[in-house]
Amino acid sequence: MFSFLPKRYILALMALLGFANVYALRVNLSVAIVTMMGDNNKINSYFKDWTSETQGLVLASFFYGYIFTQVPGGLLAERFGGKWVFGLGCLGTTLLTLVTPIAAYHSLGLLLAVRILEGIGEGVTFPAMHAMWAKWAPPLEKSRLTTIAYAGPNIGAIIAMSVSGVLCDNGFESPPHYQRWPSVFYVFGTLGLIWCIAWFFIAHSSPASHPTISSDERFYIESKIAEATPTHRASNILMPCLRLKFNFF
C-alpha cells in the first residue's frame, strides 16, 4: 500500500495522521465536559460539585504536563530515535485517553493526574518530529513535507470538535453508569491505538534504519542534507560576526 510513494512522503502522511490523532485526544474533553456537567437541563450527579473554576482546572491540567517535555522530547529523540519517542508519546496519550472516563468517575484528583500525564506524553511529539525531519527532509522539500505533517493538528481538532458533540448525543452507552459521553474517549482512543500499531511498523527514525527504502532515495536524502549541513565550527562563524560588529563602530 502506497508503495508508489517515496518513503519520506509516507512518513509525512503518517505524521499527519499522528498529529491529527493526538490533537483530537487533546480537545475532545472540551466538548465532552459540557455533557458531563448535565444534559437537557439535568445536572449530572457524578460531577455536581464541579464549579466553573474546577472545570477550568480540568481543561488546563493537560498543559501543566505539556510544557515540561518540550526540550526533553528533542533530546530523547536524538538519543533513542524520533520514531520511538513520537510513537510512545502518542501511545501513552492514547492509553490515558481510554481510562479518562474511569478516572473522572473515580475522583477529580485522578482525572487531573491523567490529564497531566497526557500532556507529558503529547509534549514530546513536536520535538521528536523535528528531529525526524532533520534526517528525512531534503532542504528543497522540507517546507512541503512539514506542511503535510503539521496540517494534522488542525485537521484533528476540527474533526474532534465536530464528532465529539455527535458522540455525546448519539454515542453508545458504556458501563458503569451507562452515559454516552465516555464514548468520545473510547472511539478516539481506539483510533489512536490503530494508528500507533501502524506507526511502529511503518515509520523509521532515519533513512539509514529503513529496511525497504530504495538506495536511490536514501542517497538522495542523505546527500542533499549533507550538502546543506554547515561544516564550520561555531567559533569560525562567530568571529566574522564580531569583526563586522567592531568594524561598524
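1. E217 is buried, because its relative accessibility is 8% and the cut-off for buried is under 20%. The model is a predicted one, and this note should be read with that in mind.

2. Where does E217 sit? Its place is in helix α11, which covers residues 215–228. Leaving aside residues up to four places away in sequence, E217 touches P6, K7 and R8. With R8 there is also a polar contact, side chain to side chain, at 3.0 Å.

3. Next, helix α10. It runs over residues 182–202 and has 21 residues. From first C-alpha to last, α10 reaches 30 Å. That is close to the 30 Å expected at 1.5 Å a residue.

4. Which residues of α10 are buried? They are P182, S183, V184, F185, F188, G189, G192, W195, C196 and W199. An α-helix has 3.6 residues a turn, so residues three or four places apart point the same way.

5. What covers the buried residues of α10? The cover includes α1 (7–37), α4 (82–98) and α5 (100–106). It also includes α7 (125–136) and α9 (152–170).

6. V163 has its place in α9.

Note on methods: Residues numbered from 1 in each chain as written. Predicted model: local features only at pLDDT ≥ 70, side-chain atom pairs only at ≥ 80, totals over all residues. Heavy atoms only, no water. Helix = DSSP H or I, 4+ residues; strand = E, 2+ residues; numbered from the N terminus. Expected span 1.5 Å × (residues − 1). Buried < 20%, exposed > 50% of the residue type's maximum accessible area, 1.4 Å probe, protein only. Contact = heavy atoms within 4.5 Å. Polar contact = N/O pair within 3.5 Å; in protein donor to acceptor, adjacent residues only side chain to side chain.
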